[in-house]
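Here are some friendly notes to read alongside the model. Take them one at a time, and keep the view open as you go.

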Amino acid sequence: MGTGDAVALGSIATGAVSVAVAALVAGVRAAFEVFGTDPTVAMPVTGGDVEALDGVTDITAAVYTSADVTFASLPTAVSWLLLLEVALPALATIGVCAVAWWLGVSLIRGRPFRASMPAAIGVVACLVIAGGLFGQFAGAWGRAMLVEHLAATDEAVTDVFWIFLLPLDLTPIGWGFALALVAGAFQIGSRLQRDTEGLV
């Protein structure tokens, strides 16, 4: 492997570690926010017109669908669910970055098709799917519990906040399937590498 290739792969591996650290920091920050004082939560609302944009040229309609709401405190169960909303995708990101770092190091050493690489990529594919979907569900469930908690004091909040809303994003499933295909490719590559070494 040439020096330029090694430098490029080393940069990619270093970048992967940096992104993993950033994801970890984001998860820790989210924990401090939801368990701290005066937490702010993005709450889906039934929406309304943005009157300040009325009459602006080329804008035919403008509505708001969410509001950043600051609470005096959150129920413990709600705090954990809102933390999972951030922590699960962050865990999946850390897993992807770990595999990217390991693959970069393996390519530098000239051994990309390690026997454990397909299994590692497969586990990360499951993490991406589960983290993306369960993270979204945890956030929606936590907000629904929060609305129920507020409605126990004032039922009028149900006229403003959605009782349950899950804006499902299927992107993690697509990325998970893509990673599963990559794991299959590495499985075939590992087998071909073993066969070639046996012939030599």
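How much space lies in the largest pocket? About 400 Å³.

1. Before looking further, please note that this is a predicted model, where local features need pLDDT of at least 70, side-chain atom pairs count only at pLDDT 80 or more, and totals for chains, interfaces and linings use all residues. Residues are numbered from 1 along each chain as its sequence is written, and side-chain values use heavy atoms, with hydrogens and water left out.

2. Two or more lining residues come from each of helix H2 (76-108), helix H3 (117-151) and helix H4 (171-199); a helix here is a DSSP run of H or I with at least four residues. H3 gives the most, with eight residues.

3. Now try the loops. Asp-38 sits between helix H1 (3-35) and strand E1 (40-49), a strand being a DSSP run of E with at least two residues. The phi of Asp-38 is positive, near 50°. Most residues other than glycine have a negative phi.

4. Asp-58 lies in the loop between E1 and strand E2 (63-70), and has a positive phi of about 75°. Its relative accessibility is 77%, so Asp-58 counts as exposed (over 50% relative accessible area, with a 1.4 Å probe and protein chains only).

How values were computed:
On a 1 Å grid over the protein atoms alone, a cavity is a set of points where a 1.4 Å probe fits but cannot get out, and a pocket is an open set with protein on both sides within 12 Å along at least five of seven lines; lining residues have an atom within 4 Å of a point. Grid points are joined across faces, edges and corners, and a volume is the space filled by probe spheres set on the points. Buried means under 20% relative accessible area, exposed over 50%, partly exposed in between (1.4 Å probe, protein chains only).
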